[in-house]
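Student: Hi! Could you walk me through this one?
Tutor: Happy to; here it is.

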Amino acid sequence: MSRSALYNQTNTNKQRTAAAQVLIQTSVADGLARTLKGDIKTVGNPNTYNLNQMLHNNLTESQYFLKLCSKVPDIKTLIDEIYYKIDSVEPWSAGSKTTPSSAFCCLMRLFLMRCSDKQMHSMLNHVDSPYIRCIGFLYLRYATEPDKLWGWFKPYVYDTEEFSPTANKKLTITIGDYVRSLVNDIDYYGTILPRLPVMLQREMKVKMLQEKESFDRSRVNLTICEKEFFVGAKVRGLYEDEENPLTWYEAVIDSVEHAKEEWEEPKYWVTFTEYGNSELLTLGEMEPEYMNSGAEEGAKDKYEEVMRAEKEGAAASGKNYSKPLMGVKNSLAMSVDMTSRIGTGAIEDRGGGGSDRGQIKEGMELETRKLEEFTKNSNNEKKRQRTDEDLLAIKEKKNKLIKKYA
């Protein structure tokens, strides 16, 4: 390439980068200028939206992301784009660790647009594509206030819709599995999610265990709802607030909100007789009056279960502290195996130049030092001094190796 051609190419790259920065800044300004009713407040880094720095940098340089900034002006259009283009929710494109995925390009575009409560509910409950829902969950996990996260995630922690989160379409999980992983794990398919406050994360894990009981209860109640849950029926319902833990209270059903879709379940407006307040409950949050579940007594047990799981996870990961230590006998066996390989010519001079022979000699001297070190450790283990016969045997072995490979 000539000097003039190289100069022109450099100028073209600079102009392209400058144009991209202007386009992104314009998109940010347009998002801030939008007036949203019920705007979801975001926290953390206002520039990266708490994304990994390398991932963020690669996103802002992605041609697909820049196309979204110029061609996708609103969330409705973005949802259509996700529906037609996205088939996984990994941060990187398949087979790459530098090219951001189309899913995260759409997520970044959503960050710049900002999102309202109504728009987010529309995404999380979208029936056409699970990937539309997942982009919404990622938006909340990355950018929303941590203490508001459970309010968004609660209805979906045991959602049964299945999808493939990666390019491997043989691997399928449910939306509930996906949502729980966003709470439980910080690693996300090759990138890192922002950390949640420890106590808040444990509280959410306890609540997810409680939701599992509610999910199982709803499966049972669905078979008896017509018989047990009707207007005027006396039931027991779960209720909690900032001052009161989750507890069963006696209640009376006031009205029923029947399911509009076949995958939905009916909901029930009830009045708690002890306090007179009315609440909308799901099938998993109610039981017939004659039952006697103990939600309050189980909360402490669930917290202990969460703590126990954390300790077991820490013991089995990290620096692999749970791996058994190699004993002296096993170490010596490895050394003997290496020595036998040397003795049988498994490591040999293949007729290379002086540099190759020098490398072989250095390697043999290293093996000799290792052999001496293992022997020394073995002798210390047996608490005896090395004898003159041992030293002579080692010296003879060393001389044989040097003579053979020098």
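Student: How many of the 12 residues of H5 are buried?
Tutor: 11 of the 12 are buried, so H5 is largely enclosed by the rest of the structure. Buried means under 20% relative accessible area, with exposed over 50% and partly exposed in between (1.4 Å probe, protein chains only). Helices (H or I, at least four residues) and strands (E, at least two) are DSSP runs, numbered from the N terminus. This is a predicted model, where local features need pLDDT of at least 70, side-chain atom pairs count only at pLDDT 80 or more, and totals for chains, interfaces and linings use all residues. Residues are numbered from 1 along each chain as its sequence is written, and side-chain values use heavy atoms, leaving out hydrogens and water.

Student: Which residues of H5 are buried?
Tutor: Among them are Phe104, Cys105, Arg109 and Met113.

Student: And what comes just after H5?
Tutor: Arginine 114, with a positive phi of about 75°.

Student: New topic: what order do the strands of the open sheet have?
Tutor: The 5 strands run S8-S7-S6-S5-S9, with antiparallel pairing. Strands S8 (278-281) and S9 (286-288) are at the edges with a single partner strand each, so one side of each lacks a neighbour in the sheet. Two strands pair if DSSP finds at least two bridges between them.

Student: How many bridges join S6 and S7?
Tutor: S6 (residues 247-257) and S7 (residues 267-272) pair over 6 bridges, in the antiparallel sense. Isoleucine 253 sits opposite valine 270 in S7.
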